[in-house]
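Visitor: Could you take me on a close look at one part of this structure, the sheet and whatever packs around it? I'm new to this, so please spell out the terms as you go.

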Amino acid sequence: MTVHPSLQNYADAWAHSIEAIFELVKPLVDSDWNRRTPCPSWSVRDVVSHVIGMESEMLGDPRPIHSLPRDLYHIQSESARYMELQVDVRRHHTALENVSELEYTIIRRNRQLRNESRSPDTMVPAPLRKQQTLENAMRARAFDVWVHEQDLRYALNRPGNIDSPGSLIVRDALLAALPKVIAKDAGAPPNSAIVIDVTGPLEFLRTVRVNADGRGTIDGSPSLGPVVTLATDWETYYRLACGRVRPAAVAHLVKLDGDEELGAAILREFAVTP
């Protein structure tokens, strides 16, 4: 790899997850491609198509010229419409076509990363015809492929890699979103502290502190008098935060101590990805 040192962990995590995705889907029979995944409204085929499409865009390939059907009722936003195009255009591909295109895309992306010499702050295209830094783009791809690897593992009953390199990137991104979730979206009161205690293969404890102005910050120091303590395992945490499961479905896996109303509000707002 010749990527900038600060980008190497993203490149490594991306490679680990996308190779795992390829190994998961390579032996699948046709019926397996239609299995539902935890990613709302998407099958195994759809998730793989999305991964192919997003990696193709990182390569600079033009987006397909394709009109979405009018009966895709899960499309409720411009962002969802943007993501769905790369999926829908591949919905009638065979298993062999899917695997072959995924393999070829991985080869091309690995070559691109081997030759990558741009600085992390180089501006590159982002979804919805926007711009983003190369660092943010690579972080997003590492995040995306790990979460979708887990979607596929859940659908195929092939658990694994829950603590792989990509999980650390996902953890950090989800934790960075917590202050807004708790302070603004859930409306935690000023001068309060909320503790998040996560166990399992990826274990961590964080405290979100809301100051007098209602702004949230996060740190790794425990609080002696938190208004809410939310305890769960890592798999449940990421599934909630990534919108893969509703709080009511995993209530038995989440322990809330303290202000029950605030705890329920936090869980309602917990999902930070579509």
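Guide: Let's start at a pair of residues: Val228 stands opposite Gly258 in β7. Strands (E, at least two residues) and helices (H or I, at least four residues) are DSSP runs, numbered from the N terminus, and two strands pair if DSSP finds at least two bridges between them. In general, strands of a sheet pair through backbone hydrogen bonds, either parallel or antiparallel.

Before we go on, a word on what you're looking at. This is a predicted model, where local features need pLDDT of at least 70, side-chain atom pairs count only at pLDDT 80 or more, and totals for chains, interfaces and linings use all residues. Residues are numbered from 1 along each chain as its sequence is written, and side-chain values use heavy atoms, with hydrogens and water left out.

Now step back to the whole sheet. It is open, has five strands in the order β5-β4-β3-β6-β7, and its pairing is mixed. β5 (216-219) and β7 (255-258) stand at the edges with a single partner strand each, so one side of each has no neighbour in the sheet. On average, neighbouring strands are turned by 15° against each other, direction ignored. For angles like this, axes are lines fitted to C-alpha atoms (for helices, over the stretch in contact), and angles run from 0 to 180 degrees between N-to-C directions.

Move across from β6 and you reach β3, joined to β6 by six bridges, with the two running parallel. Here Val195 has Thr229 as its bridge partner in β6. On to β4: strand β3 (residues 192-199) pairs with strand β4 (residues 204-210) in the antiparallel sense, over seven bridges. In that pairing, Ala193 stands opposite Arg209 in β4.

Those residues come up again at Ser223, which sits in the loop between β5 and β6. Leaving aside neighbours within four places in sequence, Ser223 is in contact (heavy atoms within 4.5 Å) with Ala193, Val195, Thr207 and Arg209. A polar atom of the Ser223 side chain also lies 3.4 Å from the backbone nitrogen of Gly225. That falls under polar contacts: a pair of N or O atoms within 3.5 Å, where within protein one must be able to donate a hydrogen and the other to accept it, and residues adjacent in sequence count only if both atoms are side-chain atoms.

What lies across the sheet? Helix α7 (residues 234-241) lies across β3, β4 and β6 (228-233), and runs at about 110° to β6. Then there's helix α8 (residues 260-268), whose buried residues are Leu262, Gly263, Ala265, Ile266 and Leu267. Buried means under 20% relative accessible area, exposed over 50%, and partly exposed in between (1.4 Å probe, protein chains only). These buried residues of α8 pack against α6 (165-185), β3, β6, α7 and β7. At the start of α8, a side-chain oxygen of Asp259 comes to within 3.0 Å of the backbone nitrogen of Glu261.
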